[in-house]
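Welcome! Here is a friendly briefing to read alongside the sequence and the 3D view. Take a look at both before reading on.

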Amino acid sequence: MGIFERPRLRNNKKKDMPNDLWTKCPECDAMIHTLDLKQNDQVCTSCDHHFLLGSRERIASIADAGTFEETDADLYSKNPLGFHKYEDKIDMLRQKTGLNDAVVTGRLNIEGNPAMIAVMDFKFFAGSMGSVVGEKITRAIETAIKEKRGVVIISSSSGARMQEGMLSLMQMAKTCAALARLSEHGLPYISLLTHPTTGGVTASFATIGDINLAEPKCMIGFAGPRVVKETTHQDLPPGFQTAEFMLEHGLVDSIVRRPEVKKKLGQLLSYMMPQ
């Protein structure tokens, strides 16, 4: 009889219920309240899995209060090679992310130590390095030399940006040359590798720091594991291309949990800055 029919569930569903209150950890499957995750710098409260962190959020977690001053914020990529729909993609990402390109640079103090920082953001073109990324990092290094500051670069990148071809590959040499000049002036460079750091970024500025730090379990490599295996025709060792593997084999000097990064950077800068 019709009077005994159950009402359909969709009629009782609250349309205004937020769908982003909880985040499922890909490592341990724990359901984490979004507010707890944010307050813990996007680190799982159950298993310590480090989620991707945006460039501005990362800077806020590192900089002394009120000291960050962004530089070269108005630079953005054009389309030097006439790549199909590249400018449309750039415009879409600028609107979606609020960033002009895949790196944010600026002046800041870390535990009272003056520095220049460059933080790559994976949300923008998978953190790929094009002409603007290379130019902004190079300008940040040149400013550090002029103002006698240390340099901190935090990498999260898929590598060189294919839409800019050879121009993107040229940024590898350009940034490394700028860092060589920084070293000649006796100023420190600290590199922090986060998940993932790959391709031309790994093969250039990300791995030539005076000190190379890494977040736990982050992927660090040049080509992907499948490509490496097919090229070498060998089975890859356990943990290949993880931060822990790189620490064991000497590419990384220390693995640092995200909540401890600011303190670690402050200690290193205080030791390494010329007196």
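Which residues does C47 touch, not counting residues up to four places away in sequence? The answer is C25, E27 and C28. Please keep in mind that this is a predicted model. The notes below start with the cysteines, then turn to a strand, a cavity and some backbone details.

**The annotated cysteines**

- In the UniProt record, an unreviewed entry, the annotation "binding site" covers C25, C28, C44 and C47. These residues are spread over 23 residues of sequence, yet they cluster in space, with a largest C-alpha distance of 8.9 Å. From this set, C47 takes part in the lining of the second largest pocket.
- C28 sits in the loop between β1 (22-24) and β2 (31-33). Its relative accessibility is 32%, so C28 counts as partly exposed. Setting aside residues up to four places away in sequence, C28 touches C44, S46 and C47.
- C47 sits in the loop between α1 (34-39) and α2 (55-62). C47 is partly exposed too, because its relative accessible area of 26% falls between the 20% limit for buried and the 50% limit for exposed.

**The annotated domain**

- UniProt (unreviewed entry) also places a feature, "domain: CoA carboxyltransferase N-terminal", at residues 21-275.
- In this model, that span is 36% helix and 19% strand, and its end C-alpha atoms lie 49 Å apart.

**Strand β7 and its partners**

- Is strand β7 (residues 189-197) largely enclosed or largely open? Eight of its nine residues are buried, so the rest of the structure largely encloses β7.
- On one pairing, β7 runs parallel to strand β6 (residues 150-157), and six bridges join the two. As an example to find in the 3D view, V152 has I190 in β7 as its bridge partner.
- Helix α5 (residues 165-184) belongs to this picture as well: β6, α5 and β7 make a right-handed β-α-β unit.
- β7 also pairs with strand β8 (residues 211-214); the two run parallel and are joined by four bridges. Here L192 has L213 in β8 as its bridge partner.

**A cavity inside**

- How many cavities of 30 Å³ or more does the structure hold? There is one, and the volume of the largest cavity is about 60 Å³.
- Residues lining the largest cavity include H50, F51, L52, L53, R58 and M120. Also among them are I154, S156, T194, H195, E215 and R258.
- Strands β6 and β7 each supply at least two residues of this lining.

**A buried serine and an exposed lysine**

- S55 is found in helix α2. Its relative accessible area is 0%, so S55 is buried. Leaving aside neighbours within four places in sequence, S55 is in contact with L99, V104, V119, M120 and D121. One of these contacts, M120, also lines the largest cavity.
- K96 is found in helix α3 (residues 86-97). With a relative accessible area of 68%, K96 is exposed.
- K96 and F124 are 28 residues apart in sequence, while their C-alpha atoms are 9.0 Å apart in space.

- As background, most residues other than glycine have a negative phi, and most peptide bonds are trans.
- H195 and P196 are joined by a cis peptide bond, with omega of about -20°. P196 belongs to strand β7, and H195 is one of the residues that line the largest cavity.
- D48 is a residue other than glycine with a positive phi, near 75°. D48 is found in the loop between α1 and α2, which is also where C47 is placed. Its relative accessible area is 26%, so D48 is partly exposed.
- K148 likewise has a positive phi, near 55°, and is a residue other than glycine. K148 lies in the loop between α4 (131-147) and β6. Is K148 buried or exposed? With a relative accessible area of 59%, K148 is exposed.

Technical notes: Residues numbered from 1 in each chain as written. Predicted model: local features only at pLDDT ≥ 70, side-chain atom pairs only at ≥ 80, totals over all residues. Heavy atoms only, no water. Buried < 20%, exposed > 50% of the residue type's maximum accessible area, 1.4 Å probe, protein only. Pairing = 2+ DSSP bridges. Right-handed = clockwise from strand over helix to strand, strands pointing away. UniProt positions renumbered as here; feature names shortened; annotations may be inferred. 1 Å grid on protein atoms, 1.4 Å probe; cavity = no way out; pocket = protein on both sides within 12 Å on 5 of 7 lines; lining within 4 Å. Contact = heavy atoms within 4.5 Å. Points joined across faces, edges and corners; volume = space filled by probe spheres on them.
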